[in-house]
Each structure stands twice: as C-alpha cells, then as structure tokens.
Amino acid sequence: INQPLNAIKMGSEYLTMMREKKRSVKAEDMDLVVTEISSQVTRAAEIIGRLKSFSRKTDFSRDVIDINACAQSVYKIIGRQIALQNIELSMDLDSRLPRILAHNNRMEQVIFNLLTNARDAVNERIETLKDIENGRIKIATFSDSQNVVLDISDNGIGIKSEHMDRIFESFYTTKEMGEGLGLGLPIIKGIVKDYGGTISVESKPGSATSFRIIFPAHHPRETT
C-alpha cells in the first residue's frame, strides 16, 4: 500500500510546490499528474480489497480449488514489494495441475506466510552474512497421479539444525523479540493438515530453505 501512497504523495507535492512558487503547470503535466494519482488510488483500493478478502475469517469448508490461482493471487499482493527488496520471485506452475479440496483464503494465507518467511530469511542473509547481493525465492507446483505438490524455496539464511525439530511448535521462534510470536508455521501446519496434506522442510544453514506441501489430488468421479 505504501507504493501507491508514495506515488500519490509525490504528485501532490509537485502540485503544491508549483502553487507555492506561483508557477503555472503545463496542461500535459497536469494531465499526467492527475491521471497517475487516479491510477494509484485505484491500485490502492484493489490492494485493500485483496487484503480484506485474504484476511477474512473462513470456515473449514472444502471447495475444489486451483492452488496455482492461490499462488498467483498472493503474488499480486506481495510480489512487487519483494521485487523492490532486490529479491527475484519466480513461479514455475504446472498448468495441468489437478485441483485439491481446500479453501482459497486459507491456502492464500499459507502461501503468504511462507513467502514472507522466505523474504525475511533472504534479507537476513543479505544483511548479516553479506555474501549475496540479490535474493531468490521460487514457487513451484507439480503433481503425479495421486498428489499435488507446492514447493516454496529461497536462498536465505537457512535454519540451524538445532531449530529444525521445533519450527512447527507453537510460540517457538528464532526471530528477535517483537518480530514474531512463533505462530506462523504451526498455523500453516494446522491448515495443511485440515485438508489432508503434509508439510516438510529441508534447509542448509546459511544458504537455502525449501518448504514442500503435499495435498491429495481431487479427481471427480465420472458420471455416466
């Protein structure tokens, strides 16, 4: 939301400066500024709308959903912000992916939390180890005849071996005081379990982490 607000602020400050200096604004410049302000207001409203839908409490109903669509929806919310932090966010989504039985909002919450964790891990590596300048996060989906797989991987700080057995425990966090309550991954695991899925993690301390979520594929019965 800060991005469209900053664009609006820049346009407003330009018009204010021109007025204070008692200078006229060319018609084409005025058109450009007011058009951009209007466009950014629309963009901010769209972001708020997606966030409201995303954060809305949902029940435990199961719908036939496309997990690729969930990934693409989250990308629209956070993709640009991640890119502005010198992190490349790529997606390799299987277009032939079977559907799963879950709920769109809850799956978006899972993907959103894993992406923000990956972003934090990458930024921590850049700021502390200082051995990379650019981060990478990848979302991938694929399937076999029985399962749908979602992978989210990054080249961030990684998870130390002594923490690996506890990362899914409630209130356990490796973040600084005030930066996390240790509820994200336990909630993610709970949501995944609600829909018959499993979640696992592989990590190389100092270099990479990959979370893998596996759901049963939904194959509707053929009718005759």
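Which residues have the most contacts inside the largest nonpolar core? I shall answer that in a moment, after a word on the model.

This is a predicted model, in which local features need pLDDT of at least 70 and side-chain atom pairs count only at pLDDT 80 or more, while totals for chains, interfaces and linings use all residues. Residues are numbered from 1 along each chain as its sequence is written, and side-chain values use heavy atoms, with hydrogens and water left out.

To the question, then. The residues in question are M107, L115, I137 and F211, and the core they belong to has 40 residues. A nonpolar core here is a set of buried Ala, Val, Leu, Ile, Met, Phe, Trp, Tyr and Cys residues joined through side-chain atoms within 4.5 Å. Buried means under 20% relative accessible area, exposed means over 50%, and partly exposed lies in between, with a 1.4 Å probe and protein chains only. Helix α4, residues 104-129, supplies the largest share of this core, namely 8 residues. In soluble globular proteins, nonpolar side chains tend to be buried together.

Let me place that helix in the whole chain. The protein chain has 6 helices and 7 strands, arranged along the sequence as α-α-β-α-β-β-α-β-β-α-α-β-β. These are DSSP runs numbered from the N terminus: helices are H or I with at least four residues, strands E with at least two. Of the 224 residues, 36% count as buried. The accessible surface of the chain comes to about 13900 Å², and 50% of that belongs to carbon and sulfur atoms; such areas come from the Shrake-Rupley method with a 1.4 Å probe, and for residues only the protein chains shown count as cover. Among contacts between residues at least 6 apart in sequence, 70% join residues at least 24 apart, a contact being heavy atoms within 4.5 Å.

I turn to α4 itself. Its 26 residues should span 38 Å at 1.5 Å a residue, and its end C-alpha atoms are 37 Å apart, which agrees. The expected span is 1.5 Å times one less than the number of residues.

Within α4 we find L115, which is buried, with a relative accessible area of 0%. Setting aside residues up to four places away in sequence, L115 touches V74, I78, L89, I137, I139 and I152.

Between β3 (100-102) and α4, the loop holds H103, which counts as buried at 14% relative accessibility. H103 and S61 are 42 residues apart along the chain, yet their C-alpha atoms are separated by 6.7 Å. After α4 comes K130, whose phi is positive, near 55 degrees. K130 lies in the loop between α4 and β4 (135-143) and is exposed, with a relative accessible area of 62%.

Most residues other than glycine have a negative phi, and most peptide bonds are trans. K22 also has a positive phi of about 55 degrees, although it is not a glycine. The loop between α1 (2-20) and α2 (27-55) contains K22, and at 78% relative accessibility K22 counts as exposed.

Finally, the surface. I1, L5 and I48 make a nonpolar surface patch of about 250 Å². L5 belongs to helix α1 and counts as partly exposed at 44% relative accessibility. Patches are made of residues with over 30% relative accessible area and no salt bridge, with like charges joined within 9 Å and nonpolar side chains (Val, Leu, Ile, Met, Phe, Trp, Tyr) within 5 Å. A salt bridge is a side-chain nitrogen of Lys or Arg within 4 Å of a carboxyl oxygen of Asp or Glu.
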